[in-house]
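Please look over the sequence and structure first.

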Amino acid sequence: MALFQSKHLSGVHAPHYKNTAELPPVRMPVPGKVYISMQQHMGAPCQPLVKKGDSVKVGQLIGESTAFMSAPVHSSVSGQVVELGEIINVNSSRATCVVVETDGEQTVHESVRPPEVNDTASFLEAVKASGLVGLGGAGFPTFIKLNPKNVDEVDTLVVNGAECEPYITTDFRTMMDDTDNLFTGIALIKKYLTIQNVYIGVEKNKPQAIELLQKRCETLEGYHVVALDDKYPKGAEKVIAYETCGRVIPEGKLPSDVGIIVSNVTSVAFIAKYIKTGMPLIEKNLTVDGSAVAEPKNVTALIGTTYEDVIGFCGGYKSEPKLLIMGGPMMGLSVYSDQYPVVKNNNAVLAFDSVDAENLKETACIRCGRCIRACPYHLMPASFEAAYKAHDLETLKKLKVNLCMECGCCSYICPARRPLVMVNRLSKKLLLAEQKKTGGK
């Protein structure tokens with residue numbers, strides 16, 4: 001298939017800082033302890049299936065929920081449960097944490113075996129049992145994404161290889177190092193969901209990946225590689241849907257409502273690995289970088305490994321860290337301690353020193369309009385801020401604050417350093433609270 005050129009939405013030219021792009025992931029040793037959260041996904045937290053003193057093995061189911069919106073949790077190590085504690089997640093919610101002292105043997109649990117997949121139902125059940133959630137950052141349970149109510153109307157799979165956040169290079173490494181599993185995963189989704197078209201979106205700053213994927217697609221019917229402008233936020237779901245295949249996802253709607261499914265390249269590759277091996281999601285590839293990290297690199301870390309251990313494997317801190325981020329600097333979340341553990345939807349650990357972590361002084365809005373021009377949807381962040389301060393819910397609705405995907409372009413481009421994306425987030429919470437109060441009206 002010919003290389004497609006993308007349609008264009010707005011955004012910002014954030015520096016790429018892809019310092020680790022040429023570094024394949026290096027596997028970390030098994031840590032002494034792991035801290036496995038029972039909530040590593042959107043939806044209901046899992047309930048632990050183990051107690052203090054229990055022995056666990058690699059791949060063993062240790063947490064599950066009867067709620068529809070959830071994802072099972074498995075042990076990443078073999079060893080003994082020494083505590084059922086509590087963890088404060090990066091979004092400030094609290095969850096149970098299973099603490100396992102490892103034995104270093106990594107004995108695999110008897111339940112780990114390739115699933116029997118022969119139809120759509122067994123395929124979806126396998127994806128659910130794997131514990132897979134969106135590995136690009138959101139943590140949405142993948143089996144739900146692959147099983148929309150209108151699945152018969154879905155004809156297109158958009159594979160997200162944009163990786164537009166600065167610093168992060170793990171998806172790029174998946175495309176370069178795990179290409180076979182990526183295409184096997186695409187074929188499985190295409191087969192069991194009877195999808196006709198596949199669009200793989202990759203930013204132009206990854207020419208090696210574009211060339212490799214294009215070569216693999218040459219003889220495959222219905223496959224297209226789309227070269228996206230290297231402009232943040234090309235990896236956002238609504239943006240990549242439009243820029244690859246021209247589908248517009250309306251406010252409050254899902255990709256399936258316009259006939260598509262969007263999935264991250266690493267998520268797709270994992271599906272293939274799980275179908276082959278039966279080993280659930282127990283490890284993650286992470287980019288470890290930032291001005292406070294001694295030896296930036298990509299690593300493969302067991303879920304539950306502390307950031308302290310991860311950064312220690314990368315030479316430790318070369319300067320005092322003032323800011324620790326889970327994910328990228330644009331949409332990632334600040335972490336309160338390097339005792340925080342690696343979770344499923346964690347694709348980077350960034351540590352910055354006092355120079356890079358400096359908070360610039362906020363000044364008055366000068367009405368320059370840069371936030372509007374930078375917004376992929378041409379929303380009006382400065383007007384959101386005024387409406388939020390006035391508690392003007394009708395204006396927030398009229399200006400469609402719920403379309404905001406919190407990409408951070410407005411805050412990044414603002415010369416007055418206004419906390420616009422934070423206000424957008426608070427505005428949406430305000431509308432949600434009002435909706436609950438009025439019974440959804």
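How much area do domain 1 and domain 2 bury between them, and what share of it is on carbon and sulfur atoms? The two domains bury about 600 Å² between them, and 67% of that area is on carbon and sulfur atoms. The model is predicted.

**Layout**
- Domain 1 covers residues 120–277, and domain 2 covers residues 370–438.
- Their C-alpha centres lie 29 Å apart.

**Domain interface**
- On the domain 1 side, six residues make contact with eight residues of domain 2.
- Tyr232, Lys238 and Glu251 supply 69% of the area that domain 1 buries against domain 2. That is more than any other three residues.

**Polar and charged links**
- Domain 1 and domain 2 share one salt bridge.
- Glu251 pairs with Lys400 in a salt bridge, with the closest N and O atoms 3.1 Å apart.
- Two residue pairs are in polar contact between domain 1 and domain 2, counting pairs with both residues at pLDDT 80 or more.
- The side of domain 1 that touches domain 2 has four nonpolar residues, two charged ones and no polar ones.

**Cavities**
- Rolling a probe the size of a water molecule over the atoms shows where empty space is left.
- Across the whole structure, the search finds three cavities of 30 Å³ or more.
- The largest cavity holds about 100 Å³ of space.
- This largest cavity is lined by 15 residues. Closest to its centre are Cys375, Cys404, Cys407, Cys410 and Asn424.

Terms used
Residues are numbered from 1 along each chain as its sequence is written. This is a predicted model: local features need pLDDT of at least 70, side-chain atom pairs count only at pLDDT 80 or more; totals for chains, interfaces and linings use all residues. Side-chain values use heavy atoms; hydrogens and water are left out. Domain bounds come from an automatic or database domain assignment. Contact means heavy atoms within 4.5 Å. Buried area is the accessible area (1.4 Å probe) that two parts lose on being put together, summed over both. A salt bridge is a side-chain nitrogen of Lys or Arg within 4 Å of a carboxyl oxygen of Asp or Glu. A polar contact is a pair of N or O atoms within 3.5 Å; within protein, one must be able to donate a hydrogen and the other to accept it, and residues adjacent in sequence count only if both atoms are side-chain atoms. Ala, Val, Leu, Ile, Met, Phe, Trp, Tyr, Cys and Pro count as nonpolar, Asp, Glu, Lys and Arg as charged, and the others, Gly among them, as polar. On a 1 Å grid over the protein atoms alone, a cavity is a set of points where a 1.4 Å probe fits but cannot get out, and a pocket is an open set with protein on both sides within 12 Å along at least five of seven lines; lining residues have an atom within 4 Å of a point. Grid points are joined across faces, edges and corners, and a volume is the space filled by probe spheres set on the points.
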